[in-house]
Amino acid sequence: MHLLLILFLVFSLVLCFFYRLAGAQGIGVNYGLLGNNLPPPNSVINLLKHKNIQKVRIFEPNHDVLRALGNSGIEVVVGVRNEDLEKLSSDPSFAIQWINTNVVPYAQATIIRYVSAGNEVIPGPLAQFVVGAMKNLDSALKSANLHIPVSTAIHFAAIGQSYPPSNGLFSDVAASIMAPIIDFLEYKEYPLLANVYPYFAYICDPQSVGLDYALGNANSVIVSDGILKYNNLFNAMVDTMYSAVEKLGGTSVRIVVSETGWPSAQNGDIATISNAQDYVNNVLAHVNSSVGTPKRPGHSTETYIFALFNENLKAPGTEQNFGMYYPDMSEVYPVRI
């Protein structure tokens, strides 16, 4: 075989490998612990490694999980408990203590991707403390010579206008809270974490939102927004968030989907194993394709599937049935990662 042809084939294989790796690195899972029958963290981390899941998000700094992640190569988003936000915002010394207790001891062996100051508190009574907590945590990380982005995870309920996606706008109540947060993220070049659930959009308005559109099964354009065309609600919701962030000056702020998923039981023929399998695998295929969204083409959306396990201490109903795995680590449905 001609030498140039051999070199071309080798180069193509290398490009293919890195393309596939880049896609895989955009996928993570939410590892919740609200269950009394869950496997030990070491077993869970082995499952993640076996399934080639390279990112995980935890909702509070569980030290057993952080130890288990050590030297695994798996990146972790570490959440701050919502009830700690007020003190973190008002007391810089508490932020230093929090970082020294929950991040510094693990930072050498564990890849901490982000620290998330709270989850879904905007809008709400704790929202006023988020930006102060973010700033104090960021300063504490810098004092420890750690360069870890700080963000917060917001609920899609912070959006006041969502259709079409280019008209995306935070609600009046949320906008006053989000404006300084977006300023901070823009200045620091940190991402915004957003929880995006087409499932909830569908069950709130099934007459307007088609099931195939919500599941990502539509084969044609469902929503035309100028030159932007949408055949799945996931992309539309992400781009709505981008539009809302841009209107507050966050022109370079990247959206990370910190939660998305579909329940497999407890809501008739909507929350079924088949629908959950379709939704999650469609999201995985989309993220791994690295095509991005219509508003951000060519940029894979870093996405964390909710959730790893069914958790029996959550509220009864669909909340207990978002897992890809049962607590015995058998599959609820096959996942193509």
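View 1. Asp 239 is buried yet makes no salt bridge, and the nearest side chain of opposite charge, Arg 296, sits 6.3 Å away. Keep in mind that this is a predicted model. A salt bridge here would need a side-chain nitrogen of Lys or Arg within 4 Å of a carboxyl oxygen. The residue belongs to helix H10, which covers residues 233–247. Setting aside residues up to four places away in sequence, Asp 239 touches Pro 165, Tyr 230, Thr 293, Pro 294, Lys 295 and Arg 296.

View 2. Eight strands close up into a barrel, in the order S1-S2-S3-S4-S5-S8-S11-S12, with parallel pairing. From one strand to the next, the twist averages 25°. Strands in a sheet pair through backbone hydrogen bonds, either parallel or antiparallel. Zoom in on strand S5 (residues 150–155) and strand S8 (residues 192–195): they run parallel and are joined by three bridges. Ala 153, for one, has Leu 193 in S8 as its bridge partner. Helix H7 (residues 172–188) packs on the sheet here, touching both S5 and S8, and its direction makes about 140° with that of S5.

View 3. Which residues of helix H2 (residues 41–50) are buried? They are Val 44, Ile 45, Leu 47 and Leu 48. These four sit on the same side of H2 because they cover an arc of only 155° around the axis. Their cover includes strand S1 (27–30), strand S2 (55–58) and helix H3 (63–69). On the face turned away from the buried side, you'll find the exposed residues Asn 42 and His 50. Just past the helix, Asn 52 takes a positive phi of about 60°.

View 4. Leu 34 lies in the loop between S1 and H2. With 46% relative accessibility, Leu 34 counts as partly exposed. What does Leu 34 contact, leaving aside its neighbours within four places in sequence? The answer is Glu 311, Asn 312, Leu 313 and Lys 314. The C-alpha atoms of Leu 34 and Ala 315 are separated by 9.8 Å, although the two residues are 281 places apart along the chain.

View 5. Most peptide bonds are trans. Here, though, a cis bond joins Ile 122 to Pro 123, with omega at about -5°. Pro 123 lies in the loop between strand S4 (111–119) and helix H6 (130–143). Another cis bond joins Tyr 163 to Pro 164, with omega at about -15°. Pro 164 is found in the loop between strand S6 (159–161) and strand S7 (169–170).

View 6. Most residues other than glycine have a negative phi. Asn 71, however, has a positive phi near 60°. Asn 71 is in the loop between H3 and strand S3 (75–79), and its 70% relative accessibility makes it count as exposed. Gln 266, which isn't a glycine either, has a positive phi of about 80°. You'll find Gln 266 in the loop between strand S11 (255–260) and helix H11 (273–289). Buried or exposed? Gln 266 counts as exposed, at 59% relative accessibility.

How values were computed
Residues numbered from 1 in each chain as written. Heavy atoms only, no water. Buried < 20%, exposed > 50% of the residue type's maximum accessible area, 1.4 Å probe, protein only. Helix = DSSP H or I, 4+ residues; strand = E, 2+ residues; numbered from the N terminus. Arc of directions from axis to C-beta. Contact = heavy atoms within 4.5 Å. Pairing = 2+ DSSP bridges. Axes fitted to C-alpha atoms, helices over the stretch in contact; angles between N-to-C directions. Lys, Arg positive; Asp, Glu negative; His and termini not counted.
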